[in-house]
Amino acid sequence: MLDLLKCKRQINKMVAERQDSADDYHARLVRGLGLIREAAGNWQSLQAKIAASRTTWLVAGLTDGLLNCTRLPAAPRPLAVVSTDGSQIFPDRHEIATCYLLNLGLIALYYGTGERPLLSNEPHLYYTTEDLYPRVGNRQSSITPELVGLKRTVMEMQALADLADKAAERGYPTIALSDGTLILWSLEGFPSDIRDELLQGFLQGLAALRKTSVPCAGFISQPGATDVVNALRVYSCPEAVCSCDRCPYASEDIVPCEWLSGLTDAALFSRLLQPGEFTPKYYSQSKILSEYGEHRIAFRYLHVGPEVVRLEFPDWLTEEQQELLASVALDQANKGVGYPVALSEAHEQAVIRGADRQAFYQLLEDRMIKQGVKAQVSYKSLRKRGVFV
Amino acid sequence: MSRLHLAEVVESSTSEFLAQCRELHVVPPFGSLVKVPGPITAFALVYDVATRSIEPNRRATAFGMTPEELAEEQPQIFELLRTEIKAFLIGYEATGRVLQILPPEPPRIHSFVYACSRDEIKAFSAKTDFLRSLFNNSRVPVDELIIAAVRLAAEAHDHPGQYLVQAGKELAKLLRDDYDRLHSLMRRIAL
C-alpha cells in the first residue's frame, strides 16, 4: 500500500531540484549547439581524434560529417510498410504451471493500391525443459525475464523478414520497421553459448532482410542516446588524444567535458533539424557490434515534427534506401500523430493486457483439471488474489 | 439475393440477437426481415445498426478526410471497425409452417444471418400478427420500426395497396384508443 502523504514531501523535493537544474540545462544546451557547429567545420580532425582516443563512453563514429543534414522527399506511392512488435507473459513459478508466452503483432500496410492491410497476431507458448531451462554458460539455468525479452526480439526480427519477403513480391517500394534498438547490447553480459545462439538468430533475420532488398530500421522514439554528444566531449577535450582512464583532470574539481553530461543527441538535433530533415549517418561503437559482421549498425536522427527520433539500420543500406526509409518513417509518423502507424498497430496486435493474462491462466487451469493434471498455484499467489483481515 | 451471409450472431437471447456484419457498412436496411437458419429458422426485424471500434478501449477519432483520402492514407482503420446489427425476433418456421410467435429457442450463437428473399418476405408477412409483438417493447423504436417493416413488406407483395390496407386494419385494432399515434403511423407509412 503506497502512502501518498508520505510520498508528497519527496515529490516536492524532487520537482524543486529538477527546476534548479533546468535553468542550468538551457545554458549548457546553448553552449553545446555552439560547440557542434564549430566541430562540424573540422569534422575530419575530430574523426581522427575519435579513432585515436580511448573513452569510457560510446562515441559516434563519423564518416559523412557531423551536421550535413538532408531534407527528405515525399514518401513514394504505391508503398508497403511492414512491422512487428511483441509482448509476453513472463514465466511465473507462483502460477499454476511454469511456462511463458510470446505474442507477435504482424502488420503489413499497403498505400495507394487499395489492397487490404494485414493486422494479425501470433502467440507462441513455451513449456518444454529446453524452453524453461536453457543452457547458459554450459549449465542449465532457469529462464529469466531478460532472456525471454531477448528471445522475443529475435522472433520479431525473423517475423519482420518474413513479412518483408512477402510484401516485396509485389514489386513496389517496401520498408520494414521494428520498435526500438537493433543493437542488442544487453547480450554483452551473457556467456558466449547463449549469446551466440540469440545473436545468430537475430543476424539471420537481418540477413534474410538483406536478401529481400527491403530497407529496415529500428525506430526509437524519445532516444536518450548520447553518441554525438560524446563526440563533442572528445572535441572539447584539451588533450590531443583522450584517455578517460588516465584523465589528468579527474583529480581536479572540473573535468573539461563534464558540462556536456545530461545533454542528449535528440536535445541538440531538435534545435538543429527542421521537421522533415535528417542527420548524416553515424556509427555506433557498441561493443556487441563487433560480432555483427556485415550487419554493423549505423544510425541517423530524424525530425518527425513532434520530436527527434533515432533510426538504426544495418550498414548495407544504400544512401537511396536510407532516404526511402526515413521519408516513409516520417510519413508514418505524420499519419500516426507522431509515432508510426505500422508500429502502433503492431503494438496493439501484440499487447497482452492483465485480463488476457488472467484468461490465459484460467484456460490452462481448466484444461489441466479436465485432463486430471494436478494444478495448484502457490500460497503466495493465492494470498495476492485475496488477503483476509 | 446474395447467397452469402450478411452477418453472424454473436449474442443471442429469447427476444433478440446481436450479429456482426461480414463486411463493414454492408447491412440489411432498418426494418427489414432477416432469417437465421438452424434447427429452427428464426425470423427477425433489424431494429438497430451500429458501427464502432473493435477494441472497447480504442475509439474512432475524426481525421478530417474524405472516405477516399482515408482509404488511401489510413487503410488500417477499416480493419479496426465493425458494423453490428440488432434484430428483434418475431417468428420462426417449423415443419413447413411460418409462425408469428417467438421461437422456442433463440438462434444459436455464430449462426449466419441472411437477408430474406422477396418470396420469403411475402410468405412471412401475409399475416400481420407480428405487428402486435412489436408493441409492448421499450428497447426498440416501435413506431419507426413498424413504419419501415410495413413499407418493406408491402413492396414484396403483388398488390402493395391491398397489403397496406390489411396492415392498416391491424394497426387500427392495436391503437384503437390512441387515434393521434395511429394517424401519425398511417400518414408516414403511406408516404
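Residues are numbered from 1 along each chain as its sequence is written, while chains are lettered from A and ligands numbered from 1 in the order in which they are written. In this predicted model, local features need pLDDT of at least 70 and side-chain atom pairs count only at pLDDT 80 or more, whereas totals for chains, interfaces and linings use all residues.

**View 1. Chain B and its elements.** Chain B contains seven strands and six helices (DSSP runs numbered from the N terminus: E, at least two residues, for strands; H or I, at least four, for helices). Starting at the N terminus, their order is β-β-β-β-α-β-β-β-α-α-α-α-α. The C-alpha trace of chain B spans about 55 × 40 × 30 Å along its principal axes.

**View 2. The contact of chain A with chain B.** Ten residues from chain A and seven residues from chain B take part; residues are in contact if their C-beta atoms, placed from the backbone, lie within 7 Å. On the side of chain A, strand S4 (100-111) and helix H9 (341-350) each supply at least two residues. S4(A) gives the largest share, three residues.

**View 3. Helices H1 and H7 of chain A.** The axes of H1 (residues 4-41) and H7 (residues 265-272) of chain A come within 10 Å and cross at roughly 70° (axes are lines fitted to C-alpha atoms, for helices over the stretch in contact; angles run from 0 to 180 degrees between N-to-C directions). H1(A) is therefore roughly perpendicular to H7(A), a term for angles of 65 to 115 degrees. A:Leu29, A:Gly32, A:Leu33 and A:Ile36 of H1(A) meet A:Ala267, A:Leu268, A:Arg271 and A:Leu272 of H7(A).

Definitions and conventions. Contact = placed C-beta atoms within 7 Å. Parallel < 35°, antiparallel > 145°, perpendicular 65-115°, else oblique.
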